[in-house]
Amino acid sequence: MPELPEVETTRRGLAPHVVGRRVTRVVLRRPDLRWPIPREVQAVLPGQRIDAIHRRAKYLLAETAAGSALLHLGMSGSLRVLPADAPVRAHDHVDIVLDDGHALRFHDPRRFGCLLWQAPGETHPLLAGLGPEPLSEAFDGDYLFQRSRGRKVPVKSFLMDQSVVVGVGNIYAAEALFLAGIAPLRAAGQVSRGRYAALAQAAQSILAHAIERGGTTLRDFIHPDGAPGYFEQELRVYGRAGQPCPRCGRTLRHASIGQRASVWCGHCQR
Ligand code: ZN
């Protein structure tokens with residue numbers, strides 16, 4: 001499943017090819033992905049110029065003066081820019097054709113992705129209620145500390161709650177907690193301000209590093225659980241249950257926390 005770094009890498013890869021281009025037509029090879037594709041995509045988008053490609057959480061927004069196409073890659077989706085007459089493969093569901101003869105083509109075998117529409121000045125319901133971006137200034141230790149007071153939920157589940165902060169998936173949460181030395185099952189409300197500062201910094205540095213790496217290896221193998229292949233070898237605890245802790249050598253523990261596989265060191269993480 002594409003995680004935030006892969007979505008951001010996709011955005012950065014698409015932007016130079018798409019921003020400033022005008023949409024000439026939209027080809028829908030099926031009426032729906034995860035949800036029906038709203039009529040505005042074909043009725044309003046053609047003729048509009050794409051002013052920007054933004055990312056919010058794991059959604060991409062192709063913004064025009066008349067509204068924004070809202071895309072999510074789901075479990076298996078991908079976006080490519082290619083000549084509009086390039087042969088269509090199975091699962092190439094949508095082409096947004098541009099005025100330079102290229103098309104933004106959406107490919108999604110499992111169809112958990114979506115293509116929706118956000119009217120100007122509105123926030124789509126899927127984007128309402130989302131927490132801050134992890135790489136924004138709004139996200140830091142003080143923010144996590146304040147949001148967590150009185151919360152009994154495990155700190156790992158708290159960090160993965162999209163209403164607290166977006167885009168910290170299972171892999172990134174496990175790694176950030178290890179770097180910050182925080183046990184994933186500890187109650188969120190019992191983590192100190194100083195330790196939350198370390199956690200926010202760890203999450204930011206891991207995500208920023210993954211984005212940086214993704215920028216040069218966009219087409220690399222993606223691990224089924226979302227870790228880019230090039231990133232996997234750098235993981236310290238995720239996927240390493242039963243192996244020695246890279247810091248102290250003791251055997252890493254594992255359990256399901258909030259129905260997500262979790263691995264940690266019982267000695268280094270408290
Ligand atoms: Zn350890």
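This is a predicted model: local features need pLDDT of at least 70, side-chain atom pairs count only at pLDDT 80 or more; totals for chains, interfaces and linings use all residues.
A residue counts as buried when its relative accessible area is under 20%. By that rule Tyr196 is buried, because its relative accessible area is 0%.

**An aromatic pair**

How many aromatic pairs does a search of the whole structure find? The search turns up 1. The partners are Phe158 and Tyr196, with 6.1 Å from centre to centre and 55° between the planes. Why is that pair called tilted?

Phe158 belongs to helix H4 (residues 155-160) and Tyr196 to helix H6 (residues 193-214), so the pair ties together parts that are 38 residues apart in sequence. Is Phe158 buried or exposed? At 1% relative accessibility, Phe158 counts as buried.

**Another residue of H4**

Lys156 also has its place in helix H4. This lysine is buried as well, since its relative accessible area is 2%. So who does Lys156 touch, once we set aside neighbours within four places in sequence? Its contacts are Asn170, Ala173, Ala174, Leu177, Pro184, Arg260, Ala261 and Ser262.

**Helices against H6**

Two packed helices are described by the angle between their axes and the distance between the axes.

| Helix pair | Axes come within | Crossing angle | Handedness |
|---|---|---|---|
| H3 (residues 141-148) and H6 | 7 Å | roughly 125° | right-handed |
| H5 (residues 170-180) and H6 | 8 Å | roughly 130° | right-handed |

With its axis crossing at roughly 125°, H3 is oblique to H6. H5, crossing at roughly 130°, is oblique to H6 too.

Which residues do the meeting in each case? On the H3 side you'll find Gly141, Asp142, Leu144, Phe145, Gln146 and Ser148, and they meet Arg193, Tyr196, Ala197, Leu199 and Ala200 in H6. So our tyrosine, Tyr196, turns up in this list and in the aromatic pair.

For the other crossing, H5 brings Tyr172, Glu175, Ala176, Leu177, Leu179 and Ala180. Their partners in H6 are Ala198, Leu199, Ala202, Ala203, Ile206, Leu207 and Ala210. Leu199 of H6 meets H3 and also meets H5.

**A charge over a ring**

One more spot to look at: where does the charged end of Arg247 sit? That end is over the ring of Phe178, 4.7 Å from the ring's centre.

Key
Residues are numbered from 1 along each chain as its sequence is written. Side-chain values use heavy atoms; hydrogens and water are left out. Rings of Phe, Tyr and Trp (its six-membered ring) pair if their centres lie within 6.5 Å; planes under 30 degrees apart count as stacked, over 60 as edge-to-face and the rest as tilted. Helices (H or I, at least four residues) and strands (E, at least two) are DSSP runs, numbered from the N terminus. Buried means under 20% relative accessible area, exposed over 50%, partly exposed in between (1.4 Å probe, protein chains only). A charge sits over a ring if NZ of Lys or CZ of Arg is within 6 Å of the ring centre and within 35 degrees of the ring normal. Axes are lines fitted to C-alpha atoms, for helices over the stretch in contact, and angles run from 0 to 180 degrees between N-to-C directions. Angles under 35 degrees count as roughly parallel, over 145 as roughly antiparallel, 65 to 115 as roughly perpendicular and the rest as oblique. A crossing is left-handed if the near helix is turned anticlockwise from the far one by less than a right angle, and right-handed if clockwise. Contact means heavy atoms within 4.5 Å.
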